[in-house]
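Have a look at the model first, then come back for the rundown.

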Amino acid sequence: MSTLWETFFDWSSMRAALPEMLTVGLRNTLVLAVSAALLGSVLGLLLAVAGISRTRWLRWPARVYTDVFRGLPAAATILLIGVGLAPLGMEIWGPNPYPLGILALSLIAAAYIGEIFRAGIQSVEAAQLEGARALGFSWSESMRLVIIPQGVRRVLPAWVNQLIALIKDSSLVYFLGLVASQRELFRIGQDHAATTGNESALLLAGLFYLALTVPLTHVVNWIDRRLRHGRPPATDDDDTDLALSGAVQGNER
């Protein structure tokens, strides 16, 4: 038991890794995840609109893209993008695999987020589109101003779940051989564990991931409750306060 405790709960190893995880690892993990979520959302929205299009030349490529990137393992996609596009990356931004890691995560996220948005858009009642067309909106205006905003709002919990998945998948970017200043939480923990022969730094990296993902999970649950049930109804005390406020304003007038 003492050996097990020293292997995973060596506080000196954790203290040695903590500054680098805070200043380097945490920042890079968030940059990778948030950047991929934003780029993936833009591409995913385009895929969602193409996926419900009546034009098969838009619908079929969107379906093929989604099937391919959802079917490939994330590690395989990151390696294919990071290694396969490395010569092109060298010409654009030099020997820096960091942008390719963001690109790979974005392409993966787009496949999942596109399906999330498509489900949300298709969940909006057809009468909404018909009403918008009756008011004189074109199909594109109806989708942009009426249908898509409602559909995206309905799937916010699923979108946040995808952000959680991206935070965890960002640990796979280490396959591309990031330099010291680009390492994310997992890579820093792994490097410290390899140097010291102790797994405590890796456990600390896991605790960082939990600190990021567990609160987001509760945010998902809170958003889901708000979308299902709306705002809590006004209480009798609230009604009384409103009545008193109205009476006071009336007296002042």
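The largest cavity is lined by Leu 47, Ala 48, Gly 51, Ala 62, Arg 63, Thr 66, Gly 114, Glu 115 and Arg 118. Helix H2 (11-51), helix H3 (56-71) and H6 each give two or more residues to that lining, with helices taken as DSSP runs of H or I, at least four residues, and strands as runs of E, at least two, numbered from the N terminus. Keep in mind that this is a predicted model, where local features need pLDDT of at least 70, side-chain atom pairs count only at pLDDT 80 or more, and totals for chains, interfaces and linings use all residues. Residues are numbered from 1 along each chain as its sequence is written, and side-chain values use heavy atoms, leaving out hydrogens and water.

**Cavity and pocket**

- On a 1 Å grid over the protein atoms alone, a cavity is a set of points where a 1.4 Å probe fits but cannot get out, while a pocket is an open set with protein on both sides within 12 Å along at least five of seven lines; lining residues have an atom within 4 Å of a point.
- Grid points are joined across faces, edges and corners, and a volume is the space filled by probe spheres set on the points.
- The count comes to one cavity of 30 Å³ or more, and the largest cavity has a volume of about 30 Å³.
- Its lining splits into three nonpolar, three polar and three charged residues, where Ala, Val, Leu, Ile, Met, Phe, Trp, Tyr, Cys and Pro count as nonpolar, Asp, Glu, Lys and Arg as charged, and the others, Gly among them, as polar.
- The largest pocket holds about 170 Å³ of space, and its lining divides into seven nonpolar residues, one polar and one charged.
- Lining that pocket are Ile 52, Ile 121, Gln 122, Val 124, Glu 125, Ala 126, Leu 129, Met 143 and Ile 147.
- Helix H6 (98-123), helix H7 (126-134) and helix H8 (139-154) each supply at least two residues of the pocket lining.

**Helix H6 and Tyr 98**

- H6 is mostly covered, with 19 of its 26 residues buried (under 20% relative accessible area; exposed is over 50% and partly exposed in between, with a 1.4 Å probe and protein chains only).
- A kink of about 25 degrees is centred on Ala 110 in H6; the bend at a residue is the angle between axes fitted to the seven residues ending there and the seven starting there.
- The C-alpha atoms of Tyr 98 and Leu 32 are separated by 8.5 Å, though the two residues are 66 apart along the chain.

**Helix H9 and Gln 162**

- Gln 162 is found in helix H9 (residues 156-169), and at 11% relative accessibility it counts as buried.
- Its contacts, again not counting residues up to four places away in sequence, are Ala 109, Tyr 112, Ile 113 and Ile 116.
- The buried residues of H9 are Pro 157, Val 160, Gln 162, Leu 163, Ile 164, Leu 166 and Ile 167.

**Whole protein**

- The protein has twelve helices and zero strands.
- Of its 253 residues, 36% count as buried.

Terms used. Contact = heavy atoms within 4.5 Å.
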